[in-house]
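This briefing is meant to be read with the structure open beside it. Its points are grouped by topic, so that each can be checked in turn.

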Amino acid sequence: MGQVRRMLDEDLANHPAPPLGDLIEQAMKQGTRIRRRRRYAAWGAGSATLALLLAFVLALGPLDLRTRQSRSAGTPDLPWQPTTTASTAPKTKPARTPDPVGPTTLQPPPRVVGRVGIPPRPGGQWLTATPAGLLELLTRLLPEGTTSGFAASTTVANYVQVYLDRGDGPGMLRLEVFHLPAGDAEPVGTAQLQETPSNCVQDRYVWINHGDGVGVSLAIATCLAADGSDNPPGVAALTTDEAVAILADPRWGTELPAELVTAGAARFPDLAPLR
């Protein structure tokens, strides 16, 4: 055993030791390169992940915007919304009904408020009805009060206006003698009422079938005639029953007693145009 060990020592002595210094230096450089490559690889992987995440966010961004815009077409997703208050809301002018004012133009449907007996027409001379003659008869039938605001339509025959002040301020009344629609089913003497609160000129509209296809109506207004830009407020000058009583007079029609036509012409020689 000792001889074998001696032979190995002699053999190793004949071979010089390798340059360990160079091997260590190369190993250290190689280790540095490996670590650098690992850092680069890790940085590259992180950059790739960041790029993918950025691309994903950019892809979602427009989609989310489109979604919000789509919602805005309905109810906006806002913490509050401005509202129109009473002080900023546009003021609606009172509704006006142009000529003519026959019941066929009114909504909602009218209702029957009574049936009156219309006496036979008095004898004597009769003439074609005139606006002045209609106003003469109307003012004779009105309750006690001050009358003013006399006017007549320039486009519709037998359509007149008067203001009646019974102590609470003037109220506008508009009377018309018109032809009832063909086939009107309501019998003679039927009084009908049309209520239209949204229309201040015809807040209540009452008419009676006088027979022979003729109707007579009274529009009880809650405003006065237009002053060029608006309808000033007024009061209702008559009750519905009072209007029915006035309309039931047998002298109403497309002809009037001659005495009314003559007196009206003297009293109302120049009627203002109805507005």
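In this predicted model, the structure holds two aromatic pairs. Phe150 and Phe268 form a pair that is tilted, with 4.7 Å centre to centre and 55° between the planes. Since Phe150 lies in strand 3 (residues 146-152) and Phe268 in the loop between helix 5 and strand 10 (272-273), the pair ties together parts that are 118 residues apart in sequence.

**The aromatic pairs and their surroundings**

- Phe268, at 7% relative accessibility, counts as buried.
- The pair formed by Tyr205 and Trp207 is tilted as well, with 5.5 Å centre to centre and 50° between the planes.
- Tyr205 is buried with a relative accessible area of 0%, and Trp207 is buried with a relative accessible area of 4%.

**The chain as a whole**

- The secondary structure of the chain comes to five helices and ten strands, and of its 275 residues, 33% count as buried.
- Among the contacts in the chain with a separation of 6 or more, 67% are accounted for by residues 24 or more positions apart.
- The accessible surface of the chain comes to about 17,200 Å², and 59% of this surface belongs to carbon and sulfur atoms.

- Eight strands form an open sheet with mixed pairing, and their order is 1-6-7-8-5-4-3-10.
- Strand 1 and strand 10 stand at the edges with a single partner strand each, so one side of each is left without a neighbour in the sheet.
- Strand 1 and strand 6 run antiparallel and are joined by four bridges, and in this pairing Arg111 stands opposite Leu193 in strand 6.
- Strand 6 and strand 7 also run antiparallel, joined by five bridges, and here Glu195 stands opposite Arg204 in strand 7.
- Strand 6 is largely enclosed by the rest of the structure, because five of its six residues are buried.
- Strand 3 pairs with strand 4 in the antiparallel sense over five bridges, and Ala152 has Val160 in strand 4 as its bridge partner.

**The nonpolar cores**

- The largest nonpolar core has 34 residues, and those with the most contacts inside it are Leu138, Leu142, Leu173, Leu175, Leu218, Leu238 and Trp252.
- The elements that give two or more residues to this core include helix 3 (131-141), strand 5 (170-179), strand 8 (214-220), helix 4 (240-247) and helix 5 (258-267).
- Helix 3 provides the largest share of this core, which is five residues.
- Which residues is Leu238 in contact with, leaving aside its neighbours within four places in sequence? They are Leu142, Pro143, Leu164, Arg166, Leu173, Arg204, Leu218, Ile220, Ala243 and Ile246.
- A second, separate core of eight residues includes Tyr163, Cys200, Cys223 and Leu224.

- The buried residues of helix 4 are Thr240, Ala243, Val244, Ile246 and Leu247, and because they cover an arc of only 160° around the axis, they are put on the same side of the helix.
- As background, an α-helix has 3.6 residues a turn, so residues three or four places apart point the same way.
- On the other side of helix 4, Asp241 and Ala245 are exposed.
- The buried residues of helix 4 pack against strand 1 (111-115), helix 3, strand 5, strand 6, strand 7 and strand 8.

**An exposed residue in a loop**

- Where is Val188 found? Val188 is in the loop between strand 5 and strand 6.
- Val188 counts as exposed, because its relative accessibility is 52% and the exposed class begins over 50%.
- Even so, not counting residues up to four places away in sequence, Val188 touches Ile118, Asn209, His210 and Gly211.
- Val188 and Ile118 are 70 residues apart in sequence, and in space they are 8.0 Å apart, C-alpha to C-alpha.

Methods
Residues numbered from 1 in each chain as written. Predicted model: local features only at pLDDT ≥ 70, side-chain atom pairs only at ≥ 80, totals over all residues. Heavy atoms only, no water. Core = buried A, V, L, I, M, F, W, Y, C linked by side-chain atoms within 4.5 Å. Buried < 20%, exposed > 50% of the residue type's maximum accessible area, 1.4 Å probe, protein only. Contact = heavy atoms within 4.5 Å. Arc of directions from axis to C-beta. Pairing = 2+ DSSP bridges. Phe/Tyr/Trp six-rings, centres within 6.5 Å; stacked < 30°, edge-to-face > 60°. Areas by Shrake-Rupley, 256 points an atom, 1.4 Å probe, with all protein chains shown as cover.
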